[in-house]
Amino acid sequence: MSSKTFYLETFGCQMNVHDSEKVVGTLLQEGYRQVETVEQADLVLYNTCSIRDKAEQKVFNRLSDYKKYKKQGKTFGVLGCVAQQEGEKIFERAPYVSLVAGSASYHKLPQMLKQLENAQLENAQLEKVRIESAILEAGNSPTRKPETENLVRITGLDDRETDKCFETEFTARTNPHRGYITIIEGCDKFCSYCVVPYTRGKERSRTSQSVLAEARQMADLGYTEIQLLGQNVNSYKDSEGNPSRRKTFAELLAAVGEVPGIRRVRFTTSHPRDFGRDIVDAIDAVPTLCDHVHLPVQSGSTRMLDAMQRLYTRDQYLERIAWMKSAKREISITTDMIVGFPGETESDFAETLSLLDEVGYDAVFAFKYSPRPNTPSIKLEDAIPDQEKARRLDVLMSRQREVQITRYKKYIGTKCEVMVEGRNETRAQWIGRTTHNKTLNFVIPPTTNQTADPGAHATANPKAGSYVPVVVTGSFPNSLLGELVV
Ligand code: 5AD
Ligand code: SF4
């Protein structure tokens, strides 16, 4: 068993979750062993998020909580968006940190780990020599050096202009049935509130050949669901060497959906400006493409969209919604929204609220505007008090709750195929997910022949990862309830 151990905690989005799967794979390959607690680990890593201030504060809170572990000789590393954003300042705020690396530098992770190990080894040897010679000279043990004096500092912060993606064959996927594939990294959109272009660097796409090879490999391993990931998947640009084989995003999506063995393909996140009708055509043509699109709108007011530098109007956004609504299958639509952006008036906010009814979203992820370092909007006065942002958030979420109550009710009586995700023992229900990305919890109806064996089930227990038909019997604002069709 390997002696070097690591603990990794992930904050933030799906992109970070998947980056962590690749970081874990890389560490395992480098001879580390993953452990479940900080106490057991030699190397403690945080993969961080800085999309909003709250997320960033969480990281620094965690680091100060774990300061005590430094005395036990543990090594700390900060990865991801906070690492890239704060850079070497992290060493000032948390002097016991040894590794700071942004996601654009992950392709160099094996080298950085080796550098870290070598530097630590060298330091330990120097310290040993120092102590031994002090004992020889003075006949007694020297005073211990301050904890932070000998610290090794490795950084990976200078790769935001890289063309390289973090591709590794050693991804340690956490779910055996459903997995992510990154198709594009970074972002060139520069929405005025967003740190991502500064933390994840410039946009760079993988080749379609490499994405498809990964999809086929996953299918061979038994995966049936693939989620294509990118900050803006719609601006995917295939750099495949053979120009005749280059694919648009919609073509890549369709090709992944046609990989034998793959039953469901999802993708996130889409940017309305780059979202083409060809994506809806692909969903129409390829049955494995899920009936769900996450299309972040951010605001229902064209004036605010302009201030946010989103590059589309409310009407253009609604045009994309109309494409989806005219699809052959019913496409479930979800979105992200920001309330309290500088200058958002009551009437702008009212336009955001009216969009909820007009589109009929199945889920809305709404956030209070949070000014972020380096972004253009930090220069605007953040004049809407937090209390008012909180009020708008509340109003928005309760209006959306009403929308969802109505929308989810419509499924009652329909039959849906779900992928089984597991079982909730306390509620004695199986957990499933529909193609619309809705949670559909279900039970197995008792056998009709009650007299023969009252407790018997008409069918065997469904296995995680399997696909089963379920009839919807009830609905909640965020989930459905049903019975397995036997
Ligand atoms: N403040 C609040 N929400 C933000 N988001 C991105 N940046 C900010 C910010 N500065 C939200 C957007 C985006 C989602 C991932 O996070 O809605 O779509
Ligand atoms: Fe941020 Fe806009 Fe890029 Fe999305 S598209 S990651 S919101 S800059």
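Buried means under 20% relative accessible area, exposed means over 50%, and partly exposed lies in between (1.4 Å probe, protein chains only). Helices (H or I, at least four residues) and strands (E, at least two) are DSSP runs, numbered from the N terminus. Contact means heavy atoms within 4.5 Å. This is a predicted model, where local features need pLDDT of at least 70, side-chain atom pairs count only at pLDDT 80 or more, and totals for chains, interfaces and linings use all residues. Residues are numbered from 1 along each chain as its sequence is written, chains are lettered from A and ligands numbered from 1 in the order in which they are written, and side-chain values use heavy atoms, with hydrogens and water left out.

**View 1. Helix α11 and its cover.**
Helix α11 covers residues 314-325. Which residues of α11 are buried? They are Arg-314, Tyr-317, Leu-318, Arg-320, Ile-321, Trp-323 and Met-324. Several elements cover these buried residues, including the helices α9 (277-285), α10 (302-307) and α12 (346-359). The strands β12 (292-294) and β13 (332-339) are also part of the cover. Now check the length of the helix. The expected span is 1.5 Å times one less than the number of residues. For the 12 residues of α11 that should give 16 Å, and the end C-alpha atoms are 16 Å apart, so the two agree.

**View 2. The whole protein.**
The protein has 13 helices and 19 strands. Its radius of gyration is 25 Å, close to the 23 Å that the globule rule gives for 486 residues, so the protein is as compact as a globular protein of that length. That radius is taken over C-alpha atoms, and the rule is 2.2 Å times the number of residues to the power 0.38. The C-alpha trace spans about 85 × 65 × 55 Å along its principal axes. Of the 486 residues, 53% count as buried. Take the contacts between residues at least 6 apart in sequence: 74% of them join residues at least 24 apart.

**View 3. The surface and its charges.**
The protein exposes about 22300 Å², and carbon and sulfur atoms supply 50% of that area. Accessible areas come from the Shrake-Rupley method with a 1.4 Å probe, and for residues only the protein chains shown count as cover. How far apart are the mean positions of the positive and negative charges? They are 2 Å apart, for 64 positive and 64 negative charges. Lys and Arg count as positive, Asp and Glu as negative; His and the chain ends are not counted. Each charge is placed at NZ of Lys, CZ of Arg, CG of Asp or CD of Glu.

**View 4. Backbone exceptions.**
Most residues other than glycine have a negative phi, and most peptide bonds are trans. The peptide bond from Thr-268 to Thr-269 is cis, with omega near 0°. Thr-269 lies in the loop between β11 (264-268) and α9. Gln-298 is not a glycine, yet its phi is positive, about 75°. Gln-298 sits in the loop between β12 and α10. Is Gln-298 buried or exposed? With 7% relative accessibility, Gln-298 counts as buried.

Leu-311 is not a glycine either, and its phi is positive at about 70°. Its place is the loop between α10 and α11. Leu-311 has 44% relative accessibility and counts as partly exposed. Arg-273 belongs to the loop between β11 and α9. Arg-273 is also partly exposed, at 46% relative accessibility. Setting aside neighbours within four places in sequence, Arg-273 is in contact with Lys-189, Arg-310, Leu-311, Tyr-312 and Arg-320.

**View 5. Val-35 in its loop.**
Val-35 lies in the loop between β2 (33-34) and β3 (43-48). It is buried, at 7% relative accessibility. What does Val-35 touch, not counting residues up to four places away in sequence? The residues are Thr-5, Phe-6, Tyr-7, Gln-40 and Ala-41. Leu-253 is 218 residues from Val-35 along the chain, and their C-alpha atoms are separated by 36 Å.

Gln-57 lies in helix α2. At 28% relative accessibility, Gln-57 counts as partly exposed. Gly-73 is in the loop between α2 (53-65) and β4 (75-80). Gly-73 is exposed, with a relative accessible area of 53%.
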